[in-house]
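I want to go through the bridges one at a time and jot down what I find.

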Amino acid sequence: MEKSRRRQQLVFSLLFGLWLPCCLTQTTPSNTATPTPTPSPSPQAQTERLKVRLSGYPRKHNEGRIELFYKGEWGTICDDDFSINNANVLCRQLGFVSATGWTHSAKYGKGQGKIWLDNVLCNGAEKSIEFCKSRGWGNSDCTHDEDAGVVCKDERIPGFVDPNVIDAHVDENKVEEVRLRPVLAMAKKRLPVTEGVVEVKYKDGWAQICDVGWTIKNTRVVCGMLGFPHERKVNKNFYKRLKKRAAEKVSRPKVNVSAGGRLYLERQKSNFHIHSVACTGTEIHLAACPLEFNKPNSTSSCEGGMPAVVSCMPGPLFMQNTAFKKKLKTSSNVRLKGGARLGEGRVEVLKENEWGTVCDDRWNLLSASVVCRELGFGSAKEALTGARMGQGMGPIYMNEVKCLGTEKSIWNCPFKNITSEDCQHTEDAAVRCNIPYMGLENSIRLTGGRTRYEGRLEVLSTDSNGTESWGLICGETWTTKEAMVACRQMGLGYANQAAQETWYWDSSNVTEMVMSGVKCTGNEMSLRQCQHHKTVSCQKVAAKFAAGVICSETASDLVLNAPLVQQTAYIEDRPLHMLYCAAEEDCLSKSAAKANWPYGHRRLLRFSSQITNIGRADFKPKAGRHSWVWHACHGHYHSMDIFTHYDLLNANGTKVAEGHKASFCLEDSDCQEGTSKRYECANFGDQGITVGCWDLYRHDIDCQWIDITDVRPGNYIMQIVINPNFEVAESDFTNNAMKCNCKYDGNRIWFHNCHIGDAFSEEAERRFEKYPGQLNNQIS
């Protein structure tokens, strides 16, 4: 009896297990008049996490039409019964803290494809829109005139990494990947590949495009996708001869092909997937062009034609031919700042010898592509808004840029001049450009780390026999600048830390040092472009002394408030008996040691400094609090021995006086609107500077000066450098220095032309260096 009951239970379980998945995938009939809202299928029944994106135009990065990726297809949500609760759930899925509103009636334009959800009813606490009640997937009585949108609060959930960008409206189901297949075998060894047969990913292989009707505009789009700013005409007669020879070889196998003519073209029969392409030349993806696909049953797939071939002109950074490099010049009045990878960053433009930013209102891929191409890259991959590459400083020159996509420069595009009320630096526009494939990441790797972002570095080298083996990098001269290049080469963002000794688990059994004496400027594309020893010379050859890195997708970026320094500078004659603590912390010039203490005084050049973090990660001391040094005289901890250098320079760049500031208290003195303080020094609290906050060192605190007791009257340059030893990684070190013209008459001092190191044009910087009277060090 018991065995029979168990057998019945087993049969029931099997039947229930077979029936349950069927029920979970069943859809609600579409002819139901007034269905009762039901919860959407649970995520357990789906193969992957539901994807959500914002789309439409015009919009900013934190608003747009809601689109859901379900069953391999993007679709929209109907605005029937839509509420702020729904918007809150969707904004959190997108990485924002909450919603500030929602839109109806396709405010951001009508979507395409399915309308996946209708009559959605959320309580606001759900983790995903799929947990909310609705009519069911794909069951709707709406049209795309009723597509819903959301407006999210422009504040990201900490740690949320999925970015929202203004992307291209392309049908990726048609054409996803495009490549150039070089025709000659020898051309395959050269990177980047600039000329070849255009192929598109099709099913499990690659297919060609028929060149009948192919235009230079189509070539321009393909070249832009592959990271090239310009297109070149192809010698079609050369390829026709190759095609003819290939045909002869098929019909007469004994016909020899000329040297170097082992043709990729001969190795496979042409498989045409696309019959014709009609680009306008401004598209950022081939899939955005009108395409005519080949019919499967057609007898001739490319009658009278051959596979389309294109030739592209690389930008100067990627050009192997030095003769061409001199002819091709990139823009001198547009630049990218703050990006972790080549071809990305905040867009900055030069006007009247001063750099400024672009506001993100109506910022789109057409305008972004103009910027990318004028800088020697391809078309834009992403147009980013909301200061996603960090906030800039100084003026905002442009707003509502409306490029057609054919302009040579963003300065040729229509735009609005703006006032400070129109835009803030929280709205700075940025780009990610397509760049050519160089294969640099294949010659470097990390091993032994806990994540793919950290570990001991190994590089691929070739010995005298032409054999490749992996080897280590000597850690003796390894600094943050070299680590920045390594992380960039691997495509892992910024360098968070540079390690001269590594204790990672040796997972690859690589022990030989193959590279030493590496010295980089920080801007190189690969470590091989940096200075290094021709013959390896390393004092400590054990594997634990090999170089290592910890990379990060985000980094801090400190800048000094230059106008504040200019406004607050003055001279104080301070009695020696009030400077014992300052002397202990080495804040006075060397001659102070010979003074008749406690009598007399020192002449101090005082000023305030406000240091703001405009990056995308908090600035924190490299050393943990367990290693901070206590200074009893001032009664505080130093988290960094040297946080800032203060120097007074003469015409030759020689220091005539210097000072330094230890980070005795890195904290958030104040923050921009909407940002909360995180760091406070009181009670041995955490030290650092939050993104969007600043640390203020007032002019009246100890060591906030330069001792100029021994300085003669004259004209000088005042220089302040933050984080001078690169102890803490930043996204941009070029803006860490500030300079001022300084005039000292023996009793009073004046600062003017104070500016961040990279704020002026090269011409303006040269004029600054030739300040009148500076050559003879006399008052002008």
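Are C91 and C152 buried or exposed? I looked up both: C91 is buried, and C152 is buried too. My cut-offs for that: buried is under 20% relative accessible area, exposed is over 50%, and partly exposed is in between, with a 1.4 Å probe and protein chains only.

Ground rules before I go on. This is a predicted model, where local features need pLDDT of at least 70, side-chain atom pairs count only at pLDDT 80 or more, and totals for chains, interfaces and linings use all residues. Residues are numbered from 1 along each chain as its sequence is written, and side-chain values use heavy atoms, with hydrogens and water left out.

Entry: overall count. I searched the whole structure and got 15 disulfides, a disulfide being a pair of cysteine sulfur atoms within 2.5 Å.

Entry: C91 and C152. These two form a disulfide with their sulfur atoms 2.0 Å apart. The bridge joins distant parts of the chain, from C91 in helix α2 (residues 84–93) to C152 in strand β8 (residues 149–152), 61 residues apart. Helices (H or I, at least four residues) and strands (E, at least two) are DSSP runs, numbered from the N terminus. I checked the handedness as well: the torsion about the S-S bond of C91 and C152 is about -85°, so this disulfide is left-handed.

Entry: C210 and C302. Here I also found a disulfide, sulfur atoms 2.0 Å apart. With 75° about the S-S bond, I have the C210 and C302 link down as right-handed. C210 sits in the loop between β11 (205–209) and α3 (216–225), and C302 in the loop between β14 (291–293) and β15 (309–313), so the pair ties together parts 92 residues apart in sequence. Burial: C210 has a relative accessible area of 1%, so I call it buried, and C302 at 8% is buried as well.

Entry: C279 and C289. A disulfide joins them, S to S 2.1 Å. I read 105° about the S-S bond, and the link of C279 and C289 is right-handed. Both C279 and C289 lie in the loop between β13 (272–277) and β14, so the pair ties together parts 10 residues apart in sequence. C279 counts as buried at 7% relative accessibility, and C289 is buried at 5%.
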